[in-house]
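Take a look at the structure below. We will go through it step by step, from the contact between chains to the details inside one of them.

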There are 2 protein chains.
Amino acid sequence: MTNTPLADLLAYQKETEALAQVAGRLGWDQETVMPRGSAEQRGEEMAAMESVLHARRTDARLGEWLAACEGSELSQADAAKLRHIRRSHDRARKVPAALAAELARVTSVAQGQWAEARAKDDFAAFAPVLSRVVELRQQEAEALAEGGDLYDALANDYEPGATAAELAAMFDEMRPRLVELRGKVLEKPAPKGLGGTFPDEGQMAFATKLALAFGYDLSRGRIDKAVHPFSSGSGNDVRITTRTNPEDPFNCFYSTIHEVGHGSYEQNIDQGYLLTPLGQGVSMGVHESQSRIYENQLGRSRAFTGWIYDQMRAQFGDIGVDNADDFYAAVNRVQKDFIRTEADELQYNLHIMLRFDLERALISGDLKVPDLETAWNERFEADFGYAVPRASLGCLQDVHWSVGLFGYFPTYSLGNVYAGCLAKALRADLPDLDEALAQGDTTPATGWLRDKVQRHGGLYEPKEVITLACGGEAPSAGPLLDYIETKFGDLYDL
Amino acid sequence: MTNTPLADLLAYQKETEALAQVAGRLGWDQETVMPRGSAEQRGEEMAAMESVLHARRTDARLGEWLAACEGSELSQADAAKLRHIRRSHDRARKVPAALAAELARVTSVAQGQWAEARAKDDFAAFAPVLSRVVELRQQEAEALAEGGDLYDALANDYEPGATAAELAAMFDEMRPRLVELRGKVLEKPAPKGLGGTFPDEGQMAFATKLALAFGYDLSRGRIDKAVHPFSSGSGNDVRITTRTNPEDPFNCFYSTIHEVGHGSYEQNIDQGYLLTPLGQGVSMGVHESQSRIYENQLGRSRAFTGWIYDQMRAQFGDIGVDNADDFYAAVNRVQKDFIRTEADELQYNLHIMLRFDLERALISGDLKVPDLETAWNERFEADFGYAVPRASLGCLQDVHWSVGLFGYFPTYSLGNVYAGCLAKALRADLPDLDEALAQGDTTPATGWLRDKVQRHGGLYEPKEVITLACGGEAPSAGPLLDYIETKFGDLYDL
């Protein structure tokens, strides 16, 4: 029996997708349950999986099957599958094996040196290896770009279709409005924070309650603790992690809601796309739109925080604030801070645009790594209004660049912008949304997101799925900025 | 740069070993932490890993490299590595892909039907699919045996070099002495069992203490709960599981010690063999010798149970027996029972020889599956002296045959026999052993086993490593039988 090239291609790809799930789960295992003494062996195991996956992605048969199928009459889903496979095949073949191996080796070393340098607040100790990472990523970008923009080539790994020019225009629109609002808000007195005690076990029980309230399916997922919260896996085995800090339960709760946004996206993809290139979130930006809208526009809304307030009082007793309005203010407190991952909705994107401009300059060669710390600190003071006291609170705070993630940061802001657009459309479609949220009922909202965005997986291109969800309106920063100005204007009596 | 065929072969094999570790860990994950809703997806992932491993094991380059190396001057370790790779390569190439796929499919179905049939005590419902499993394994055995004995071919998967004839002779020596001793012991009054309460968490804490007492390295391993205790992984990521039953703490404690025996064997293999064919236990029989000697000859000794008694009293308070001699008798209580996995040292091997004779007859065709239940029940009554009341306590109790494991059962007895030989040699080398065990100190014994057996991994053939450990004496059932007769003779005043 002879199969069609399409059937052969999709059968081969199914096995590749299954192997990619296995490799991803190794990552989950490493961050949650792996015995610490097996790090080196695990490195060999991960490398072996990567080697198998790389061999499959570059396999010449893929090229033959693709050539035989492309241009023929295909269903929408099959055409989308081919588009993804083509992209991955071309990308894998463009990068010389020696360069890929050197990048893997150097970023592995760089990550360790970054951790050491951060612990010692010593950027100079990290600069040499970072220079080498930048150099290798420039070379990779040249191989990928084939004469086009280097930064675009890198960003496309995380957000297909994104361009530096579009991103820059988006940030140009956002920056003045956010800088101005930040200035006004920080002149006002800071709201009161939480008080009380929040034992670890109680936090995890509450986090599970929140996850279930947002529709996370524990029969096809897990919640564990890890140093850094993350979501992992696709289809019917999607695992999230969170962390606890006895004095800061919001860290645990909102990390959980955030990761539930990522996890639910994966869990809610059409089951027919399981183990196909459509069976996972389509881009980092769209992924982040789901985590952010769960965490912020829904989870930090006045309506939903009212419900959280009642639930927390019932479980933890005195929590240091004694009415739902003060609780809402505490959840959304804007503070002078330096760390991106702990930033509020108002300041978060200022952190990203700083990184975007700096990493673009690094890749283009306009900024040299030895000058990075000074450039960071100057820009931070301009946007935030206060100085960075040490490198661990500045340019050494994020792991991303050490592992070669250039072009990744802007997808966080893209996610926020998409979330702003989706929230506007969702509120237009669901006028009674707040009544449900006030009861702790997210199903109207999560059902809307599942139907409009999540179930499609990789069927549409990133911008396309957001546009369709928003009734044909192309995404822009406007809705997010309007939402932030209204929310924080109300909260801070501006 | 051109590598030698040996270097190419070993580099390729290292990647295969790493992938095999990954596949094994998927199994651990499935039995401990996998969300129940992802069983089907997991099946696809496991199949994809198996397909990758099968492709590597049958890769024509392996044959070329092996041919180029075999016969040349090699170190002892390299020669052993080649022997293992040759065995695995030949085995994988002998079995037609269609037969392997059909076996995977049918045994997957059969396992489900076995579980259902066992729940309903209905052997007839299971017989048709078991017949098909037997048929397929017969075909596989024919492909593997190339004219030799079919049962030998199957047993060699688990115990290289084992033959049905040798195993039959071993059981012939054991059976009369064990049957006679069982009869005498069961005429005596049964010792008192434990009483008291043993909460799950306390049992797990105690199990961890026992694991550490036996030298299990938690920096390179884990202990989790699972429905059936098992050990998984090699090298620096070796995980064991146990289970708790509030009324029967011995089940948890001795399962733990047993699995620690398996796990320690893997952990203690020479680190230079990591991710080579020598980097794992050499056979099921030698593996079981380690788990059994930890569990029985050490863990159930009068000396060590004295220490356990004190520790249990300290942790659990009143445990229903009030002196160490009665505790020793309770640990080693011989009871009328039907279940292999719960059998005491005296009766355990009677369970195995029954299965060995029956499965040999099934594979040779002398026994037909529809007649299996009757044959089982007749043989059981002859050896144990009482009748099997229902199939779940008889021929439906074990999962093995449903998943095609024919030739596996005798490795349990082989392990007991090897443990008997090792215990004799160990006691001869360590005259003060009991003094250490009485203090909860297993290091003289576990150090001896590490040095004589465990560190060698796959360097020697199974019988060879036992013979070397025993100072040149070839393994036989005598030492085990002598040990059992002395121990239970003393315990039951015979």
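Start where the chains meet. The contact takes 32 residues from chain A and 32 residues from chain B. On the side of chain A that touches chain B, α1, α2 (39–58) and β1 (221–225) of chain A each give at least two residues. What kinds of residue make up this side of chain A? There are 13 nonpolar, 9 polar and 10 charged residues. Keep in mind that this is a predicted model.

Now compare the two sides. Of the interface residues of chain A, 100% are also interface residues in chain B, so the copies meet through the same surface.

How are the copies placed? In general, two copies of a chain are related by a rotation about an axis and a shift along it. Here, a rotation of 180° superposes chain A on chain B, with 0.0 Å of shift along its axis. The RMSD is 0.0 Å. The two copies are therefore related as by a two-fold rotation axis.

Next, stay within chain A. This chain is divided into domain 1 (5–155) and domain 2 (160–494). Taken over C-alpha atoms, the centres of these two domains of chain A are 26 Å apart. The domains also touch: 43 residues of domain 1 of chain A are in contact with 39 residues of domain 2 of chain A. Which elements of domain 1 give two or more residues to the side that touches domain 2 of chain A? They are α1 (5–32), α4 (76–94), α5 (97–120), α6 (123–145) and α7 (150–155) of chain A. The largest share, 11 residues, comes from α1(A). By type, this side of domain 1 of chain A divides into 20 nonpolar, 11 polar and 12 charged residues.

Move over to chain B and find a sheet. Three strands form an open sheet in the order β1-β3-β2 (chain B), and the pairing is mixed. The edge strands are β1 (221–225) and β2 (231–232) of chain B, and each pairs on one side only. Strands β2(B) and β3 (residues 238–242) of chain B run antiparallel, joined by 2 bridges. Which residue of β3(B) is the bridge partner of B:Ser231? It is B:Ile240.

Finish with a helix, α10 (residues 249–267) of chain B. At 1.5 Å a residue, its 19 residues should span 27 Å, and its end C-alpha atoms are 26 Å apart, which agrees. Is α10(B) mostly covered or mostly open? Mostly covered: 17 of its 19 residues are buried.

How values were computed
Residues numbered from 1 in each chain as written. Chains lettered and ligands numbered in written order. Predicted model: local features only at pLDDT ≥ 70, side-chain atom pairs only at ≥ 80, totals over all residues. Domains from an automatic or database assignment. Contact = placed C-beta atoms within 7 Å. Helix = DSSP H or I, 4+ residues; strand = E, 2+ residues; numbered from the N terminus. Nonpolar A, V, L, I, M, F, W, Y, C, P; charged D, E, K, R; others polar. Expected span 1.5 Å × (residues − 1). Buried ≥ 20, exposed ≤ 12 C-beta atoms within 10 Å, placed from the backbone. Least-squares fit on C-alpha atoms with pLDDT ≥ 70 in both. Pairing = 2+ DSSP bridges.
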